Amino acid sequence: MAIRQLSETLINQIAAGEVIERPASAAKELIENALDAGATRIEIATSGGGKALLRVSDNGSGMDAADLELAVRRHCTSKISETLEDIRTLGFRGEALPSIGSVARLSIASRRRDSAGGHEIAVAGGKIVHLRPAAANPGTIVEVRDLFFATPARLKFLKTEKAEAGAITEIVKRMAIAFPAVRFVLSGSDRTTLEFPATGDDHLARMAQVLGKEFRDNAIALDAVREEIALTGFAGVPTFNRGNSAHQYAFVNGRPVQDKLILSAIRGAYAETIPSGRYPVAVLAIALDPALVDVNVHPAKSDVRFRDPGLVRGLIVGAIREALARDGSRAATTGASDMLRSFRPGFQPNSQRPQTAWSAETSPSRPYQPTTGFGERPQASFDGLSMPTARAEPQFSPQPASAEPTARYPLGAARAQIHANYIVAQTEDGLVIVDQHAAHERLVFEAMRKALHSKRLASQVLLIPEIIDIPEEDCDRLMQHAAELSELGLAIERFGPGAIAVRETPAMLGEVDAHGLIRQLADEIAEWDTASGLSAKLEYVAATMACHGSVRSGRRLRPEEMNALLREMEVTPGSGQCNHGRPTYIELKLSDIERLFGRS
């Protein structure tokens, strides 16, 4: 069969199969063009889930007639010159508009800010219909109608109009988080209008617009630098989690990405803090030299490839874990709302009543002689705390008898134990309910985890070393991490060019499938250049041991034991959730309680 040159239209339609997979892909490309043009206001309108109509209007720099003619030609762009080493714009391939024009009816009306008039170009099925002067405001309006009319087979693979409209909404949300100084409006006959007013440099305010107001109250700031890579953003406390990973947003040099490395790092950072099947909420922004990341991995530009993936993964995991250790022990604010709803069916704590803080002076049920906090005489009996009698390690530190009764403790002072499982504590402005088993389980686990990283773990010597045949390159990688693995109780030696001899295994793991463990570690090192899998296994065992070695549900505690538990929780990282990711306590403000009784 003779080789022949494909037509320009067919080439563009082939390219469109990769660049424009669905209406949301077209929306992403058009919004990126608007942002690269310096727009501060972007309006998106859709109909039929974007299949019938997709219109993107902006107030950017605009284009003249010559620019419009080039814009619909393949590989014509104003964003790069001769190299891919320094890409600082969202778009750069010059494929989006010609790809859309080859499979849809495309019209672009644009006017430069310094021009007296605008121009319009229309393309249908890859052919230019007209290029003529047109009335237009400064900026650009791109209108896409009948998407994939020129390639009907692609229409059969699209989802329902509602699903496609939802995908466009997700694209707009990601762009809105990445560019808080830009106002976004999404409207159309197939949706209710969604508007994100510009918030300037206040990224957290924009995140609250997209992720909900609760995110502001349950987010921990991230700010870390390692070598030439900077990480900023916000990570939700572990108890503020969701049923899928749709609330995890990642940006690389301002570009929204859905990268497996970043998502895996987020999952690893929250290990042992979130229940199985639940996902954390996080917004991460990575900034680095453009030469250290390849954004030209896929035409859709949603995947990236880092020059040093291990460094990036370590930065993300380390930054999130440090933030959780610093401020992640608090319970999610949504816990109190859920509890209030369970008290009264249909009751909405966020009613139209003003959300004012509780105070004894303004409370309708104020006492005759108002006292707050730790100043009450009955509470003074809890000041001197003795050692607990619970059989658990580590033991709680007693509170000195000379401690000031007005000392401020976030978890308050114990008032009662309910059903031999729940501790009720009084704080200055509310109450806290603690699950004693879950809380102590976390304390024991953190102590064991600290021991894991402070000294070499005990190992068991194999009577006969296990010889494991693996590829030579895997042997090389494993031996590079031999010292690290030895600290975890796994002693390995090279046994010829393509084999590893396992002489010792961690005693904590008991009987070990050495073959499976070594192969898993080799695969992990090949993928991430790290051997964290063994550490994760050991931490899982530690979590199980902590669960069985903690204060059990049903055990009655003395007041001093309950208070000692509260004090230890206040100084232990991650004490807001147990090893299985469930919350260890719920805080209820007095203002919430008064709304529950209709007193505010």
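**Ground rules**

Since I'm working from a predicted model, local features need pLDDT of at least 70 and side-chain atom pairs count only at pLDDT 80 or more, while totals for chains, interfaces and linings use all residues. Residues are numbered from 1 along each chain as its sequence is written, and side-chain values use heavy atoms, with hydrogens and water left out.

**Overall count**

I looked up the secondary structure and got 18 helices and 24 strands in the protein. Helices (H or I, at least four residues) and strands (E, at least two) are DSSP runs, numbered from the N terminus. Of the 600 residues, 48% are buried; buried is under 20% relative accessible area, exposed over 50%, and partly exposed in between (1.4 Å probe, protein chains only). For contacts (heavy atoms within 4.5 Å) with a separation of 6 or more, 70% come from residues 24 or more positions apart.

**Helix 2 against helix 6**

How do helix 2 and helix 6 cross, and at roughly what angle? The axes of helix 2 (residues 23-36) and helix 6 (residues 161-178) come within 8 Å and cross at roughly 25 degrees. That makes the pair roughly parallel. My axes are lines fitted to C-alpha atoms, for helices over the stretch in contact, with angles from 0 to 180 degrees between N-to-C directions. Angles under 35 degrees count as roughly parallel, over 145 as roughly antiparallel, 65 to 115 as roughly perpendicular, and the rest as oblique.

On the helix 2 side, the contact residues are Pro23, Ala24, Ala27, Lys28, Ile31, Glu32 and Leu35. Helix 6 supplies Glu164, Ala167, Ile168, Ile171, Val172 and Met175. I sorted this contact by class and found ten nonpolar, no polar and three charged residues. In that scheme Ala, Val, Leu, Ile, Met, Phe, Trp, Tyr, Cys and Pro are nonpolar, Asp, Glu, Lys and Arg are charged, and the others, Gly among them, are polar.

**Helix 2 against helix 4**

Helix 4 (residues 96-103) has its axis within 10 Å of that of helix 2, and the two cross at roughly 140 degrees. They are therefore oblique to each other. This crossing is left-handed. Ala26, Glu29, Leu30 and Asn33 of helix 2 meet Ala96, Leu97 and Ile100 of helix 4. By class I get five nonpolar, one polar and one charged.

**Helix 17**

Ten of the 13 residues of helix 17 are buried, so the rest of the structure largely encloses it. Among the buried ones are Glu560, Glu561, Arg567 and Glu568.

**Ile492**

Is Ile492 buried or exposed? At 9% relative accessibility, it counts as buried. Ile492 sits in strand 22 (residues 491-494). Leaving out residues up to four places away in sequence, it touches Leu478, Met479, Ala482, Leu485, Ile500, Ala501, Val502 and Ile518.

**Two positive phi values**

Most residues other than glycine have a negative phi. Asn253 is not a glycine, yet has a positive phi of about 50 degrees. Asn253 is in the loop between strand 12 (248-252) and strand 13 (255-257), and is partly exposed at 36%. Ala420 also has a positive phi of about 50 degrees. Its loop runs between strand 18 (413-418) and strand 19 (422-427), and Ala420 is buried at 7%.

Definitions and conventions. Left-handed = near helix turned anticlockwise from the far one by under 90°.
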